[in-house]
Amino acid sequence: MGKLIVGNLKMNLLTVAERDRYLESFKKELQGKNVSECEIVLCPPSIHLESFVGKIEKNDFSVGAQNIFWEDRGSFTGEISAPMVKNIGGEYAIVGHSERRKNFNETNEVVKMKINSILNAGLAPICCVGETLEDRQNGKTTDVIIKQIHEGLADVPVSKIATVVIAYEPVWAVGSDSVPTSDEIMEVRILIKKIFADTFGQPVAEKIKILYGGSVKAATAKQLCIDPGMDGVLVGRESLIPMEFVKIAEIINQNI
Ligand code: PGA
């Protein structure tokens with residue numbers, strides 16, 4: 001499968017009617033579209049995971065969680081675990097998203113524990129990394145990304161490392177309308193490949209999927225994904241509009 005197109009629906013779809021309308025309209029948009037080189041992953045709020053999985057037909061999309069807790073079961077009020085997501089039919093889990101790092105104190109240490117739990121459950125982690133505007137202005141982008149990857153992936157065995165998906169999401173590009181240039185994204189892709197090559201060896205570095213995330217739209221999908229040689233995109237706002245989200249997949253598919 002060529003490119004990975006991930007929709008992070010965040011804390012939206014508040015009613016059953018809204019959820020069903022979204023799924024219906026998403027499936028309608030997909031009809032007759034050529035996205036054969038893309039794997040589309042929808043990450044709804046956890047309360048909707050099961051209903052999203054129930055709507056999958058002929059592998060037209062996969063489902064992922066936006067977050068999980070690092071323990072499998074027990075007295076952790078309000079949390080859901082990676083095995084729960086797996087057992088319901090999920091395939092992915094996002095981890096280390098900048099909104100979680102910022103609002104829920106998701107440190108690299110927490111990311112590490114979550115990644116292990118996600119991998120042990122047989123899910124693929126989509127691990128978000130990226131610098132803040134301040135980091136970038138202070139020339140710290142490289143240091144921040146090296147640290148996030150080294151610390152977050154510290155316990156991953158080499159046998160499982162190729163399952164990890166990295167999403168490069170500059171914090172300043174998430175939920176804004178500013179985006180990096182293709183060259184800036186490409187620089188970070190090369191950096192991430194190098195970190196993987198140095199830490200886990202060249203064959204792993206070649207296999208690892210690196211996505212771009214942060215203000216992806218149909219109009220910029222080529223510039224943000226194809227031109228810098230990324231393996232796909234992580235889409236927030238535009239994934240809530242099925243027509244736009246499917247258009248992003250189509251454009252990426254056309255330009256592979
Ligand atoms: P955005 O969000 O596309 O709305 O910028 C991206 C993300 O949060 O993953």
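Predicted model: local features only at pLDDT ≥ 70, side-chain atom pairs only at ≥ 80, totals over all residues.
## Ligand, strands and rings

Residues are numbered from 1 along each chain as its sequence is written, and side-chain values use heavy atoms, with hydrogens and water left out.

Let's stay with the ligand for a moment. There are 13 residues around the ligand, and K10, H97, E169, G175 and R237 come nearest; a residue counts as near if one of its heavy atoms lies within 4 Å. Here are two further contacts to ligand oxygen atoms.

| Residue | Atom of the residue | Distance to a ligand oxygen |
|---|---|---|
| G175 | backbone N or O | 2.7 Å |
| R237 | polar side-chain atom | 2.7 Å |

Now look at strand β7 (residues 209-213), where four of the five residues are buried, meaning under 20% relative accessible area, with exposed over 50% and partly exposed in between (1.4 Å probe, protein chains only). Helices (H or I, at least four residues) and strands (E, at least two) are DSSP runs, numbered from the N terminus. Strands pair if DSSP finds at least two bridges between them. Strand β6 (residues 165-168) runs parallel to β7 and is joined to it by four bridges, with A167 opposite L211. Strand β8 (residues 232-235) also pairs with β7 in the parallel sense, over two bridges, and Y212 stands opposite V233. From β7 the chain crosses through helix α11 (residues 221-226) to β8 in a right-handed β-α-β crossover; seen with the strands pointing away from the viewer, the path from the first strand over the helix to the second runs clockwise.

Next come the aromatic rings. Rings of Phe, Tyr and Trp (its six-membered ring) pair if their centres lie within 6.5 Å; planes under 30 degrees apart count as stacked, over 60 as edge-to-face and the rest as tilted. By this rule there are eight aromatic pairs. Y22 and F52 are stacked, because their ring centres are 6.1 Å apart and their planes are at 25°. Since Y22 lies in helix α1 (residues 16-30) and F52 in helix α2 (residues 49-54), the pair ties together parts that are 30 residues apart in sequence. Both Y22 and F52 are buried. F69 and F76 form a tilted pair, 4.8 Å centre to centre with 40° between the planes.

Definitions and conventions
Polar contact = N/O pair within 3.5 Å; in protein donor to acceptor, adjacent residues only side chain to side chain.
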